[in-house]
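Me: I'd like to learn how to read a structure like this one, feature by feature. Can you walk me through it?

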Amino acid sequence: MQSGLFITLEGGEGVGKSTQLRLLRDALQSHGYRVLATREPGGSAGAEDLRQLLLFGKNPLSLRAEILTHFAARFDHVDTVIRPALAEGQIVLCDRFTDSTMAYQGYGRAEGQPAVLDLIAALQAQLGLMPDMTFLLQAPREITRQRLAVRGVPTDRYEKADEAFHARIAAGFMAIADQQPERVKCITTANHSQEAVSSLIMKEILPRLPHV
Ligand SMILES: Nc1ncnc2c1ncn2[C@@H]1O[C@H](COP(=O)(O)OP(=O)(O)O)[C@@H](O)[C@H]1O
Ligand SMILES: Cc1cn([C@H]2C[C@H](O)[C@@H](COP(=O)(O)OP(=O)(O)O)O2)c(=O)[nH]c1=O
């Protein structure tokens with residue numbers, strides 16, 4: 001039985017997800033909550049092995065193989081890390097989840113082909129765990145490109161993809177937010193200061209928190 005709260009952060013690369021995850025973890029811990037901060041692809045020992053393959057594998061995978069590998073990692077992460085933490089009443093903060101598979105593989109690589117979106121939705125249904133809240137961080141691509149340039153040269157498979165791919169991903173995330181407005185909150189000012197973004201997110205989370 002789930003009794004904790006499952007919160008995910010989504011958006012393109014460099015939009016500030018990892019930064020916000022840390023700030024939220026610290027803020028929630030200072031309110032006395034037990035928090036697990038994790039990420040995808042990865043987050044469990046087995047899933048971290050699959051992350052290496054997905055991001056840095058020498059050979060490309062076919063689209064469906066790539067989707068299934070993201071989900072293989074996700075099932076391990078959910079089964080061995082996320083679900084046990086939620087069962088203990090922890091707040092789980094996760095950097096990316098199934099919305100990223102929809103956006104990157106479904107809308108980015110498959111350009112929104114219905115059969116591919118259906119496959120991802122079916123795998124998500126099998127997983128049987130949806131985030132309680134998702135924050136979609138959005139900032140102009142020019143800003144995130146500058147941030148990534150400071151962070152270093154593009155390294156993994158996805159960061160190296162062309163601009164049209166990244167535009168489809170951004171549109172894909174917006175489509176998901178339009179379809180599920182109750183769950184997905186858009187943070188359209190992710191280019192503002194880290195503190196401003198964090199307090200906006202905390203304002204949304206606070207009413208949903210259990211009493212400590
Ligand atoms: N609100 C912000 N304003 C300016 N720089 C930021 C902000 N949030 C994050 N950064 C910087 O941008 C870069 C990418 O942030 P990061 O949190 O790693 O993004 P993501 O996890 O979405 O890829 C990092 O160098 C980080 O310090
Ligand atoms: C979870 C997930 C991630 N990805 C991609 C998005 C990112 O480019 C990459 C994860 O790399 P990561 O370095 O964690 O991303 P970021 O720089 O945004 O913090 O994997 C998918 O394509 N599908 C997925 O299901």
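Me: Leaving aside its neighbours within four places in sequence, which residues is Leu 23 in contact with?

Reply: Bear in mind that this is a predicted model. Once you skip the neighbours within four places in sequence, Leu 23 is in contact with Gln 194 and Ser 198. Leu 23 itself sits in helix H1. There's a C-alpha separation to look at here too: Leu 23 and Val 197 are 174 residues apart along the chain, yet their C-alpha atoms are separated by 9.8 Å.

Me: How many bridges link S1 and S3?

Reply: Their parallel pairing covers 5 bridges, with Ile 7 standing opposite Leu 93 in S3. Strand S2 (residues 35-39) also pairs with S3 in the parallel sense, over 5 bridges, and there Arg 39 stands opposite Asp 95. For S1 and S4, the parallel pairing takes in 4 bridges; Glu 10 has Leu 136 in S4 as its bridge partner.

Me: Is strand S3 enclosed or open to the outside?

Reply: To read that, look at burial on each face. In strand S3 (residues 91-95), 5 of the 5 residues are buried, so the strand is largely enclosed by the rest of the structure. One side carries Ile 91, Leu 93 and Asp 95, the other Val 92 and Cys 94, and both faces are covered.

Me: And the helices? How many residues of helix H4 are buried?

Reply: H4 (residues 98-109) is mostly covered, with 11 of its 12 residues buried. Among them are Met 102, Ala 103 and Tyr 107. To see what does the covering, look at the elements around H4: they include strand S1 (5-10), helix H3 (63-87), helix H5 (114-127), strand S4 (133-137) and helix H7 (163-179). After H4 comes Glu 111, with a positive phi near 55°.

Me: Now the ligands. Which residues are closest to ligand 1?

Reply: For a ligand, start with the shell of residues around it. Ligand 1 has 13 of them, the closest being Gly 16, Lys 17, Ser 18, Thr 19 and Arg 147. Helices H1 (17-30), H6 (141-151) and H8 (194-205) each supply at least two residues of that shell. Sorted by class, the shell has 3 nonpolar, 6 polar and 4 charged residues.

Me: What about ligand 2: which element gives the most to its shell?

Reply: That's H4, with 4 residues. In total 16 residues surround ligand 2, and the closest are Glu 13, Ser 100, Thr 101, Tyr 104 and Tyr 158. The elements giving two or more residues to this shell are H1 and H4. By class, you'll find 4 nonpolar, 5 polar and 7 charged residues around ligand 2.

Notes
Residues are numbered from 1 along each chain as its sequence is written. Chains are lettered from A and ligands numbered from 1 in the order in which they are written. This is a predicted model: local features need pLDDT of at least 70, side-chain atom pairs count only at pLDDT 80 or more; totals for chains, interfaces and linings use all residues. A residue is near a molecule or strand if its C-beta atom, placed from the backbone, lies within 6 Å of it. Ala, Val, Leu, Ile, Met, Phe, Trp, Tyr, Cys and Pro count as nonpolar, Asp, Glu, Lys and Arg as charged, and the others, Gly among them, as polar. A residue is buried if 20 or more other C-beta atoms lie within 10 Å of its own, exposed if 12 or fewer, and partly exposed in between; C-beta atoms are placed from the backbone. Two residues are in contact if their C-beta atoms, placed from the backbone, lie within 7 Å. Two strands pair if DSSP finds at least two bridges between them.
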